[in-house]
Amino acid sequence: MTLNEALTRLDALTQTAVVSRTVAAQPAAPADGALYILPASPTGAFWAGRAAGTMVRAEAGGWTVVTAPDGLLVVVLDSEEVLVRRSGVWAPLSSGADEPVTALQNLTRLGVNTEADAINVFAARVNKTLWTALESESGGDGDLRFTFNKQGASDVLSLLFQSGWGGRAELGLIGDDDLRLKVSADGGTWRDAFSVDRTTGRMTFARGAARSETTVVTADGSWTPPAWARWVEAVCVGGGGGGAGGVSVARWPAEALTSALAIVVGAGGGGGATAGANGVAGANSSLSLGGNVLLTGEGGKGAAGGGTTSGLGGAGGGGLVRGNAGGDSSISTAGGSGLALSRPDGAGGGGAGGGVSTSNVGTSGGSGGDGAILHIRAAGGLGRTTTGLAGQASPIPSLSWAGGGGGGGGGATELFGAGAAGAAGGLFGAGGGGGGAAVSTIGAGGAGAAGVVWLTAIG
């Protein structure tokens, strides 16, 4: 071999790059030194009849065959791929069924469809990726496990999720060896979502993990738990009469509520309007499932009408604890106040109407009982010698439904005309105040407040 032949062979086999391995027609005017790998059935004066995989080189207007040893790496310029010569056959780098896989060791950077840099030494710009376990029949064990390691406990080992190149979530061992999840709205301020203690396995949710949603139902209808709910808590309050509506509470697993709940909201009862007439009881509130009643808040009872003797206040509606009763009337003293402490979280009972004493002196009506007196107090209406004042609604209705009872109206002598009217109860189950008495015409009793149903879904 002459010196020139040796130099051209060295040029061909050093940092070898071929123009193509798919061009089948011999080029008419190739660049001097151009290399080609012939495909099957090439054509042309020099190429025709040569075996697929033969590497040829254009030299000084002619062609020579370049013998390629096994292990030679070749870059194919038109397809941007790297081939390796193995057992006389060109194959993609790092492939081969019978031969050991070619190893790429100690790479300092790798970019897939993008450029890696000194910070991101591996970078990939793709739409989809797939990792799958090597099956046992292919020599693997069927498992696939990613292993990540950091140097010490105070270092960070995490998966950082970004949107528009701004961090939104980070999961991993972030500054210690407990698993943590942090989230961010802007990539600057981060909030802990949860952590898992590595020694006990106990999870801590920095901002809570439960979800709840309360629906206040004030009219008949139906309600279906949301799909995310695990539990449903129900509060069923009957309509008020003279006494407050009863309160019943239950909690059920959401999965047991296989259809929509049917809801009935009890109306408030009216007060007596004629001499000696009894007040009307409030109606029951209820929740039913498939025709079966699950929960009932009983309506408050109507107060007895006053006559020549005192009239008894209406009893509170039934529940786990009976609702607050209305006050009793009297023919010689002021009407009794509605109760508040029999059911401290419930609506207040209505105050009794005032009477007329044996000495023909009118007396004041009793005040309505406070609603939720030990919780979020809704004041009962004052009883007066004239018309009683209405009970108040809860000052924070999103946290408490109980209203105050209505105040009773005052009694009157014939000289002063008719007895004064009792006032209506405040929102949701409160009792109405009694009407005041007179020698001839009594004041009408105030109506009890309608009931309510509270449904809280918990997830």
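The largest nonpolar core of this predicted model has 19 residues, and those that touch the most other members are Trp252, Leu261, Ile263, Leu287, Val453 and Leu455. By nonpolar core I mean a set of buried Ala, Val, Leu, Ile, Met, Phe, Trp, Tyr and Cys residues joined through side-chain atoms within 4.5 Å. Buried stands for under 20% relative accessible area, exposed for over 50%, and partly exposed for values in between, with a 1.4 Å probe and protein chains only. Which elements give two or more residues to this core? They are strand E17 (231-237), strand E18 (247-253), strand E19 (261-264), strand E20 (285-289) and strand E22 (452-458). Helices (H or I, at least four residues) and strands (E, at least two) are DSSP runs, numbered from the N terminus. There is also a second, separate core of 13 residues, which includes Val235, Val247, Trp401 and Trp454. As a general point, nonpolar side chains in soluble globular proteins tend to be buried together.

Not counting residues up to four places away in sequence, Ile263 touches Val217, Asp220, Gly221, Ser222, Trp223, Ser286, Leu287, Val453 and Leu455. A contact here means heavy atoms within 4.5 Å.

The model is predicted, and local features need pLDDT of at least 70, side-chain atom pairs count only at pLDDT 80 or more, and totals for chains, interfaces and linings use all residues. Residues are numbered from 1 along each chain as its sequence is written, and side-chain values use heavy atoms, with hydrogens and water left out.

I turn to the chain as a whole. The protein chain has one helix and 22 strands. Of its 459 residues, 38% are buried. Among contacts between residues at least 6 apart in sequence, 47% join residues at least 24 apart. The accessible surface comes to about 24600 Å², and 55% of it belongs to carbon and sulfur atoms. Such areas come from the Shrake-Rupley method with a 1.4 Å probe, and for residues only the protein chains shown count as cover.

Strands E10 (156-163) and E11 (residues 166-174) pair in the antiparallel sense over eight bridges. Two strands count as paired if DSSP finds at least two bridges between them. Val156 has Ile174 in E11 as its bridge partner. The hairpin of E10 and E11 has two residues between the strands, and Gly164 takes a positive phi near 60 degrees there. E11 in turn pairs with strand E12 (residues 179-184), again in the antiparallel sense, over five bridges. Leu173 has Leu179 in E12 as its bridge partner. In the hairpin of E11 and E12, with four residues between the strands, Gly175 has a positive phi near 85 degrees.

Where else is phi positive? Ala60, a residue other than glycine, has a phi near 50 degrees. Ala60 is found in the loop between strand E3 (55-59) and strand E4 (62-66), and counts as exposed because its relative accessibility is 78%. Glu80 also has a positive phi, near 50 degrees. Glu80 lies in the loop between strand E5 (73-76) and strand E6 (81-86), and at 73% relative accessibility it counts as exposed. In general, most residues other than glycine have a negative phi.

How many salt bridges does a search of the whole structure find? The search finds eight. A salt bridge is a side-chain nitrogen of Lys or Arg within 4 Å of a carboxyl oxygen of Asp or Glu. Lys150 and Asp177 form one, at 3.4 Å from N to O. This pair links distant parts of the chain, 27 residues apart: Lys150 is in the loop between E9 and E10, and Asp177 is in the loop between E11 and E12. Lys150 counts as buried because its relative accessibility is 12%, whereas Asp177, at 30%, counts as partly exposed. A further salt bridge joins Asp370 and Arg377, at 2.9 Å from N to O. Asp370 is buried, with a relative accessible area of 15%, and Arg377 is partly exposed at 48%.

Finally, the surface. Trp131, Leu144, Phe146, Phe148, Leu159, Phe161, Leu171 and Leu179 make a nonpolar patch of about 830 Å². Patches are made of residues with over 30% relative accessible area and no salt bridge; like charges are joined within 9 Å, and nonpolar side chains (Val, Leu, Ile, Met, Phe, Trp, Tyr) within 5 Å. Trp131 is found in the loop between strand E9 (122-124) and strand E10, and at 61% relative accessibility Trp131 counts as exposed.
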